[in-house]
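Me: I would like to go through this structure term by term. For each label, set the value against the rule.

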Amino acid sequence: MKIDVIGPAAVIREPGVLITDSGSAMDVLATVRYETGCCAMILRQEQLDESFFRLSSGLAGEVLQKFVDAGNTVVVIEHNMDVIKTAD
């Protein structure tokens, strides 16, 4: 996995969708922790499955809770107004 470390955060540079379910989220988290020791990571929207952004799917809540349970601080930033307007 392509990862850059900037301060205390790991920036995931791997192309494509990496998180499709809670299992793949934990795989990414474990890889980042093992390879960098970082407890914070930055993911791009493109690295998350579309279902992550549909709150009714439950994926976002499940993944974010697992990240928090593993001792990470989680910050979600959305800047696309079209996504914000259509969020459920």
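Predicted model: local features only at pLDDT ≥ 70, side-chain atom pairs only at ≥ 80, totals over all residues.

Me: Which pattern does the protein follow along the sequence?
Reply: The pattern is β-β-α-β-α-α, with three helices and three strands. Helices (H or I, at least four residues) and strands (E, at least two) are DSSP runs, numbered from the N terminus.

Me: Why is Phe52 called buried?
Reply: Buried means under 20% relative accessible area, exposed over 50%, partly exposed in between (1.4 Å probe, protein chains only). Phe52 has 8%, so it counts as buried. Phe53 has 27% and therefore counts as partly exposed. Across the protein, buried residues make up 27% of the 88 residues.

Me: What makes Phe52 and Phe53 an edge-to-face pair?
Reply: Rings of Phe, Tyr and Trp (its six-membered ring) pair if their centres lie within 6.5 Å; planes under 30 degrees apart count as stacked, over 60 as edge-to-face and the rest as tilted. By this rule there is one aromatic pair. Phe52 and Phe53 lie 5.3 Å apart, centre to centre, with 75° between the planes: edge-to-face.

Me: How do you know whether Ser51 is buried or exposed?
Reply: Its relative accessible area is 12%, so Ser51 is buried. Ser51 sits in the loop between β3 and α2. Beyond its neighbours within four places in sequence, Ser51 is in contact (heavy atoms within 4.5 Å) with Ser57 and Leu59.

Me: Why are the buried residues of α2 said to be on the same side?
Reply: In helix α2 (residues 59-69), Leu59, Ala60, Val63 and Phe67 are buried. They cover an arc of only 95° around the axis, which puts them on the same side of α2. The arc is that of the directions from the helix axis to the C-beta atoms. Their cover includes α1 (22-36) and β3 (40-42). After α2 comes Gly71, with a positive phi near 95°.

Me: What makes a set of residues a nonpolar core?
Reply: The members are buried Ala, Val, Leu, Ile, Met, Phe, Trp, Tyr and Cys residues joined through side-chain atoms within 4.5 Å. The largest such core has 17 residues; Ile19, Val32, Met41, Val63 and Phe67 touch the most other members. β2 (9-12), α1 and α2 each supply at least two residues of this core. Not counting residues up to four places away in sequence, Val32 touches Ile3, Ala10, Ile12, Gly37, Cys38 and Met41.

Me: Why is Arg33 called partly exposed?
Reply: Arg33 has 29% relative accessibility, so it counts as partly exposed. Arg33 belongs to helix α1. Residues up to four places away aside, Arg33 touches Cys38, Cys39, Ala70, Gly71 and Asn72.

Technical notes:
Residues numbered from 1 in each chain as written. Heavy atoms only, no water.
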